[in-house]
Amino acid sequence: MAEKLIVIGGTAAGLSAASRARKEKPDMEIQVFEKSGFVSYGACGLPYFVGGLIHDINDLVAINAESLKSRRNISAWIHHEVLLIDPEKKEVSVKNLDTDQVSIHSYDKLVIATGAVPVVPPIPGIHSDGVYYLRNMEDGIRLKAAAREHGRVCIIGGGAIGLEAAEELRNAGLSVSVYEQFPRLLPFLDNAFSQALEDTLIKHGINVRTGTQIAEILSENGKASGIRTAFGESEPSDIILVSAGVKPAGALAEQAGLALGLKGGIIVDDEMRTSHKDIWACGDCVQMKNRITGKPAYVPLGTTANKQGRIAGGNVAGGHDTFKGILGSMVTKVFELFIAATGLSKEQAAGEGYDAISVSITKADRASYYPGGRDNHICLIVDKKTGRLLGAQGIGSESIAGRINVLATAITCGMTVEEINELDLVYAPPAAPVYDPILIAANQAMKKITE
Ligand code: FAD
């Protein structure tokens, strides 16, 4: 009989694992259980669907269940929730959410790719109608329908997803307020960068309240009607969007007795194998490893989920690929401002015991005489002792993403700012200045470490 792989979770990590396993083992039987109504969707596109930039939710789906069967011979069962894993019997109990019927399925190998679940802050009124999250396709459909009917939204949480949603809902014509409990938005960013981000939001008509906790979600007849802050101020609102971060969906793994680590993420080795020899896990449900410090980390991102899924799938099929860890490289766009970061922030570097310095520079993203140029602001975080780059952040035009990618590569290779300063980077007036902002920043950092 063919070996059987069961995958729990049918999006970035789960389907990457299933597809890679299929490639490596054409004879393997592969069954994916997905509790939502969609597989292989790009959750990252949800803010743009909610705001109307993307009209059809199906445009976010890379491949549907029917095509998975016909093109990859992967059997994906939507509306099927795995309730229980029995690692000894090598079985899962699965509930068909359309019929409530529970069935038992046996496996030889299991991949857990259950992703993350939104953090639900313990705020009175949080379970009222009119409180929304943006995690999966159904959430997106619900939020978009509400945004069409109503005019006011309060967003709790000024992280990347909250801010992307803020822009899109504002563009859709709603009045938008963002409440962030920390003193600044994206607090891992350099102070001046956070301020520039806040200024951009305010310029576009968004009410931003940093350093402000929500004490209560007000409601009328069980339906959310606004918020009250810890300072006692209140704001009426039709929609409350909670975007307060996520945590690993590790409940199934915990019940199965697998080892859990940071924030309840499933502990895996470099080959993505859990504490049980026939079970692998990947994506937002696992504990990650910081590539600089080697310590446990949790930065749930689509890039990581896809790569880990691919590696898990290959290893399920007998391979020994390894996942080396994360730098937490991220990019987002808020109106005209692009924001990107990789590696450690200055505070994190100091917390890890580095004698870290930071330098910030501003430089046009193309030759100064060429029309249409915009400033790039780059901040480097450097180990003063060795000159090694530990982190980089940037804000500015679209080109900032490419520059931070170069710096992520430099961190991965363990480069010093002296070595970065010697990089042979491109130049042409419409594309980049003769001294790229990266070179200017590296040069400034070299000066600062010798001060
Ligand atoms: P998920 O995508 O969460 O998939 C897990 C799946 O498992 C879910 O579909 C869930 O329904 C299913 N499942 C869970 N439990 C069970 C069960 N018991 N039985 C059956 N099925 C189950 N990342 C980036 O890198 N860049 C971005 O720009 C970006 N933007 C984002 C914007 C939004 C709005 C969101 C929500 C996320 C964004 N992310 C982004 C993060 C990225 O989407 C996630 O890191 C990625 O989806 C994680 O993939 P995953 O497969 O591990 O988990």
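**Helices and hairpins: a short tour**

Let's start just after helix 10, where G414 takes a positive phi of about 70°. A word on the source: this is a predicted model.

Now back up into helix 10 itself. It runs over residues 400-412. How far apart are its end C-alpha atoms? They are 18 Å apart. At 1.5 Å a residue, 13 residues should span 18 Å, so the two values agree.

Which residues of helix 10 are buried? They are I400, R403, I404, L407, A408, A410 and I411. These residues cover an arc of only 160° around the axis, which means they sit on the same side of helix 10. What covers them? The cover includes three strands: strand 22 (337-343), strand 24 (375-383) and strand 25 (389-396). It also includes helix 11 (417-421) and helix 12 (437-449).

Next, a pair of helices. Helix 1 covers residues 12-24, and helix 8 covers residues 302-316. They pack at an angle of about 35°. Their axes lie 7 Å apart. The crossing is right-handed. On the helix 1 side, the contact is made by A12, A13, S16, A17, R20, A21 and E24. Helix 8 brings A305, N306, G309, R310, G313 and G314.

On to strands. Strands in a sheet pair through backbone hydrogen bonds, either parallel or antiparallel. Strand 4 and strand 5 (residues 91-96) share six bridges. In that pairing, L84 stands opposite S93 of strand 5.

Last stop: strand 14, residues 223-229. Five of its seven residues are buried, so strand 14 is largely enclosed by the rest of the structure. It has a hairpin with strand 13 and another with strand 15.

Take strand 13 (residues 214-220) first. It runs antiparallel to strand 14, joined by six bridges. E220 has K223 of strand 14 as its bridge partner. Two residues lie between the strands, and N221 in the turn has a positive phi of about 55°.

Then strand 15, residues 234-236. Strand 14 pairs with it in the antiparallel sense, over three bridges. R228 stands opposite S234 there. How many residues separate strand 14 and strand 15 in their hairpin? Four, and G232 in that turn has a positive phi of about 90°.

Notes
Residues are numbered from 1 along each chain as its sequence is written. This is a predicted model: local features need pLDDT of at least 70, side-chain atom pairs count only at pLDDT 80 or more; totals for chains, interfaces and linings use all residues. Side-chain values use heavy atoms; hydrogens and water are left out. The expected span of a helix is 1.5 Å times one less than its number of residues. Buried means under 20% relative accessible area, exposed over 50%, partly exposed in between (1.4 Å probe, protein chains only). The arc is that of the directions from the helix axis to the C-beta atoms. Contact means heavy atoms within 4.5 Å. Two strands pair if DSSP finds at least two bridges between them. Axes are lines fitted to C-alpha atoms, for helices over the stretch in contact, and angles run from 0 to 180 degrees between N-to-C directions. A crossing is left-handed if the near helix is turned anticlockwise from the far one by less than a right angle, and right-handed if clockwise.
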